[in-house]
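Please open the model in your viewer and keep the selection panel at hand.

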Amino acid sequence: MAEYKGIKGFKVQYLDQDPVPAVAGWSAGGNFPGSNQGMGSTGTQTATLSAGYFNAGSGVTSSFTYNGTSWSPAPSMGTAREQVSNNMAGTQTAAVIACGRNATAFGLQATEEYNGATWSPSGNYPTQLRDANLFGIQTAAIAAGGNSANPGVATNVNNSYDGSTWTATGNDNTTARLSSLSFGTQTAGILVGGYINSPTPNTYYDNVEEYDGSTWTSGGVYPIATSSLRGGGTQTAGIAFGGGTSGTPHTTATNIYNGSTWTAGSNMTTARTSFGSAKSGSTTLNLAFAGSAGPANTNATEEYVDYSPYASQTVENIGQVWYNGTTKALKYTNKTISSSWATGNPMNTARADSGDAGTQTAALGFGGEGPGGNTNVTEEYDGNSWTNSNPLNTTRYALDGAGTQTAAVAFGGYDGTVLLNATEEYNGTSWVNNPTGLNTARRGMGKAGTQTAALAFGGDASPYTGATEEYNGSTWANNPTGLNTARGYMGSAGAGTQTAALAFGGQPVTAVTEEYNGATWTTVNAMNTGRQQLGGSGTQTAALAFAGVTPGPAVTGATEEYDGLTWTTSPASLSVARYALSSAGTQASALAFNGKKAPAFNGSTDTEEFTRTESLVIKTVTVS
């Protein structure tokens with residue numbers, strides 16, 4: 001008879017409480033309605049208010065609320081404004097916003113209050129101001145420093161607000177500056193970082209100053225000199241995150257304040273400046289959303305949760321099994337993956353086989369084949385809508401591209417008569433010809449990399465080729481080792497960087513996948529469905545393949561995910577099956593746009609956004 005000690009198994013933990021998601025960290029929240037920066041914000045993680053954002057000097061009246069899961073439009077302000085990143089105080093249902101900038105004034109005095117349903121005008125600020133630093137509540141707030149109506153001139157003047165009028169406090173904070181972080185109450189506030197840009201170059205500060213209702217005193221110095229950071233909390237329990245310096249324009253840094261010193265916390269996923277936060281939130285529950293994230297803005301929302309008060313408790317991990325002694329239940333964790341495609345606003349010009357670059361919220365589409373003929377039209381996507389930009393110099397289709405929305409490179413293609421090797425670079429405004437083109441003229445190739453470190457591989461060079469070329473921002477160099485499987489009509493398939501790329505699919509219709517290490521290509525596990533003229537995004541170890549033409553032939557919207565080893569068919573499929581489409585983004589946040597679809601085999605304006613999220617869920621073992 002078998003003995004217990006001879007039975008193989010594993011120990012089950014006995015816990016009084018279920019494991020927590022993490023001791024402290026950031027996780028994805030619902031995306032902000034647009035990729036914007038410079039918005040005002042206040043509230044808590046589950047009840048946030050945002051108002052205004054940068055709009056080329058004119059500002060906006062828009063406001064939005066967050067419920068801890070998603071953003072919703074809120075009533076509009078009476079005054080359009082921008083440069084209001086830190087100009088709000090209060091809560092989601094009792095907020096005040098002051099100053100800013102719009103098309104009529106370089107600095108505003110207008111003050112408005114929000115009651116959860118409507119915005120109402122209140123007493124004007126004493127002087128024209130933007131980038132003001134408000135903290136407190138709707139009926140008891142302080143505005144400390146900011147940027148005067150004169151460009152770049154920081155001020156250290158303070159004014160207090162009683163719910164209807166502003167009054168000079170007569171006590172100025174020590175350092176005149178703008179783009180600081182401020183939070184706390186009217187009698188226990190804090191001002192962190194900031195900069196001045198007059199005289200140039202910019203001077204960044206690590207100063208921390210604390211306000212007691214009448215005077216300012218120095219607090220614990222911030223770990224880095226920075227500006228345009230955000231956060232929230234109280235004077236003795238605060239959190240600050242993001243921001244930038246001259247050397248690092250956008251950071252993910254998170255730091256916790258205990259009233260005297262700062263301690264490094266878990267970093268955000270997206271580096272950003274000039275974004276929104278839950279100013280009246282806490283060090284254990286806060287929020288970062290939208291903002292400037294480098295070459296382009298982002299619409300990403302991240303939620304910060306700190307379970308450190310329960311640091312002795314077990315942290316969630318995949319595959320945990322435990323017995324909860326309080327609820328008398330056997331439980332385990334399981335990872336869930338949620339993926340979906342959502343319809344976005346259409347492009348302005350219908351087309352297929354265009355070049356592409358960028359991310360889901362800052363994409364670039366250029367050239368292509370339209371119903372009326374080839375086009376050189378360039379369009380930029382901001383996560384919400386497409387805007388026309390300056391056209392390519394060479395009209396063509398079946399070209400490819402790499403890089404970002406503001407630093408892209410376009411190469412190869414077909415003008416309807418001959419194969420091309422033409423190379424052009426985009427600076428965010430216009431295209432400039434590079435006299436040195438591809439060594440092998442071709443169309444329908446794969447691509448990876450950036451404007452200064454791009455990779456082109458495969459394609460139709462009559463015949464199909466496996467040729468691989470590397471671009472250094474000036475010239476193309478042949479790699480004597482090409483793809484193991486020569487192929488063409490790869491569409492916008494390809495992922496990764498110049499030294500860690502991924503090639504998949506192509507014509508003749510294939511599922512073959514190859515990885516590039518900067519020198520050679522290695523054949524790895526194939527896709528589940530062979531296809532040509534497909535879309536792709538991501539990295540060598542986290543890629544996405546979607547749409548295309550499968551054997552038959554048949555047009556598909558099927559999506560597959562690659563984890564660096566194998567391809568897995570996703571339950572999410574494009575709403576519009578198509579081929580010869582363009583793509584941008586990552587495995588978790590991809591963009592598909594234009595293409596040809598059945599039964600109308602013409603160029604389209606269709607845009608779709610892919611979102612993939614991973615989460616751990618706790619499940620209870622039940623016996624029936």
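Why does Val-12 count as partly exposed? Val-12 has 43% relative accessibility, and so counts as partly exposed, a class lying between buried (under 20% relative accessible area) and exposed (over 50%), with a 1.4 Å probe and protein chains only.

Before going on, note that this is a predicted model, in which local features need pLDDT of at least 70, side-chain atom pairs count only at pLDDT 80 or more, and totals for chains, interfaces and linings use all residues. Residues are numbered from 1 along each chain as its sequence is written, and side-chain values use heavy atoms, with hydrogens and water left out.

Next, select Leu-455, Phe-457, Leu-502, Phe-504, Trp-521, Met-527 and Trp-567, the residues with the most contacts inside the largest nonpolar core, which has 20 residues; such a core is a set of buried Ala, Val, Leu, Ile, Met, Phe, Trp, Tyr and Cys residues joined through side-chain atoms within 4.5 Å. Strand E47 gives the most to this core, with four residues, strands (E, at least two residues) being DSSP runs numbered from the N terminus.

Now select Lys-596 and Glu-369, whose side chains meet in a salt bridge at 3.1 Å, N to O, the term standing for a side-chain nitrogen of Lys or Arg within 4 Å of a carboxyl oxygen of Asp or Glu. Lys-596 counts as buried because its relative accessibility is 15%, whereas Glu-369, at 22%, counts as partly exposed.

Finally, select Lys-447 and Asp-400, which are both buried and form a salt bridge with their closest N and O atoms 3.6 Å apart.
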